[in-house]
Amino acid sequence: MDLRIGVIGTGAIGQEHIQRLNHKTQGAHVVAISDINKEKATLLAKEIGAKFYETGEALIADPEVDAVVVTSWDPTHEQYVLEAIKHNKYVFCEKPLATDSEGCRRIVDAEVANGKKLVQVGFMRRYDRGYMELKEVIENRQLGEPLLLHCAHRNPTVDKNYETPMAIINTAIHEIDALRWLLQEDYVSVQVILPKQTSYTHEKLHDPQMVILETKSGIHIDLEVFVNCQFGYDIKCVVVCETGEISLEDPSYTRVKAKGKDYTTVSPDWQSRFMDAYDEEFQLWIHSIQADAITGPTAWDGYVASITMVACGVARESGERVAISLDSCPTLYQA
Ligand code: NAI
């Protein structure tokens with residue numbers, strides 16, 4: 001029988017995930033939705049044949065909802081994830097898990113006390129084919145030990161509400177999780193450099209920024225976050241190993257040769273760049289619920305990302321290299 005999913009927060013990505021669950025993935029469909037924008041959500045509920053709930057809590061409590069997807073605004077994630085744990089229900093929460101490390105820790109503690117992994121965080125880079133191939137080469141040590149990573153996260157433009165800290169909290173958060181997963185190593189320190197700025201930015205946003213992370217074994221990562229690069233959505237990850245180098249290719253299905261040029265296009269946005277990764281993320285989430293064992297990014301991963309982001313913020317303000325220290329990982333999350 002299909003899993004019956006409830007979605008809390010039916011804005012942009014909530015609606016994309018509903019489409020994905022109802023029309024792209026197998027084994028689940030959306031039976032319930034909730035959003036504070038009642039008018040819009042009621043219409044949507046009618047359109048997709050789901051039930052509308054006045055509150056996320058009521059949706060979670062319904063015995064006819066097997067698992068929950070949280071795609072509401074960031075500050076509401078923690079309350080709904082804790083509520084789902086209270087009802088012993090699987091919950092997929094879009095990043096960030098909570099708006100601060102204390103909130104993430106409360107979720108980890110609740111899950112540990114409940115004794116079962118129920119939470120998956122929406123770090124979908126882990127499901128991108130390019131990252132998966134990089135991980136295989138790194139894990140097999142095919143090119144020897146990884147030594148250095150050169151990465152970039154570039155957006156064509158951002159709006160005026162996007163300010164300096166968001167380069168870490170909204171943007172670099174994806175690399176912070178994906179690179180730690182790729183290397184299977186925690187970070188030990190971070191430095192943030194604020195270089196010469198683009199004239200396309202505004203006074204509340206320092207753009208670009210450079211984040212320099214160091215891992216436990218001494219691997220150095222330089223990550224450029226440049227959110228007004230003008231030319232497209234561009235993700236880079238070059239892994240330099242002892243006997244070779246491996247890097248991400250921008251996925252492309254066609255190539256143009258004309259007027260003396262030979263080129264492929266750059267993705268315009270994150271939706272098109274990572275479309276397949278989102279589909280894979282949800283298909284595997286459904287499989288893992290059916291198998292009663294979550295395999296994706298955990299609440300602990302959400303907590304570690306949050307601690308790392310706090311250190312990035314301190315490093316940006318101070319200009320210094322800042323140590324990243326983690327509590328010991330609860331046995332529930334140890335492989
Ligand atoms: P959005 O603003 O389009 O949608 C959020 C929806 O949540 C709105 O419809 C709003 O009315 C609703 N909402 C707010 N408070 C609520 C509450 N207490 N209960 C129920 N509904 C509530 O935002 P968007 O872009 O869809 O982002 C949603 C979440 O997804 C954010 O946390 C964002 O960080 C995350 N996200 C993750 C991405 C990824 O790549 N993994 C990409 C885009 C967003």
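A: In this predicted model, the buried residues of helix α6 pack against β7 (146-154), α7 (166-183), β11 (234-241), β12 (245-247) and α8 (270-290). The helix itself runs over residues 129-139, and its buried residues are Tyr131, Leu134, Lys135, Val137 and Ile138. These residues cover an arc of only 165° around the axis, which puts them on the same side of α6.

At the N-terminal end, α6 is capped by Asp128, one of whose side-chain oxygens lies 3.1 Å from the backbone nitrogen of Gly130. Just after α6, on the other hand, comes Arg141, which takes a positive phi of about 55°.

One of the packing partners of α6, helix α8, also meets helix α1 (residues 12-24), and the axes of α1 and α8 come within 10 Å and cross at roughly 55°. That angle makes α1 oblique to α8, and the crossing of the two helices is right-handed. On the α1 side the contact is made by Ile13, Glu16, His17, Arg20, Leu21 and Lys24, while α8 contributes Trp270, Gln271, Met275, Tyr278, Asp279, Phe282 and Ile286.

Two single residues may be set beside this picture. Thr198 sits in the loop between β8 (187-193) and β9 (209-215), and because its relative accessibility is 15%, under the 20% limit, Thr198 counts as buried. The side chain of Thr198 reaches the backbone nitrogen of Tyr200 at 3.0 Å, and, if residues up to four places away in sequence are not counted, Thr198 touches Asp207, Pro208, Phe226 and Asn228.

Val112, by contrast, is partly exposed, with a relative accessible area of 34%, and its place is in helix α5 (residues 101-114). Leaving aside neighbours within four places in sequence, Val112 is in contact with Pro330, Leu332 and Tyr333. Between Val112 and Pro251 there are 39 Å in space, C-alpha to C-alpha, and the two are 139 residues apart in sequence.

Notes
Residues numbered from 1 in each chain as written. Predicted model: local features only at pLDDT ≥ 70, side-chain atom pairs only at ≥ 80, totals over all residues. Heavy atoms only, no water. Buried < 20%, exposed > 50% of the residue type's maximum accessible area, 1.4 Å probe, protein only. Helix = DSSP H or I, 4+ residues; strand = E, 2+ residues; numbered from the N terminus. Arc of directions from axis to C-beta. Contact = heavy atoms within 4.5 Å. Polar contact = N/O pair within 3.5 Å; in protein donor to acceptor, adjacent residues only side chain to side chain. Axes fitted to C-alpha atoms, helices over the stretch in contact; angles between N-to-C directions. Parallel < 35°, antiparallel > 145°, perpendicular 65-115°, else oblique. Left-handed = near helix turned anticlockwise from the far one by under 90°.
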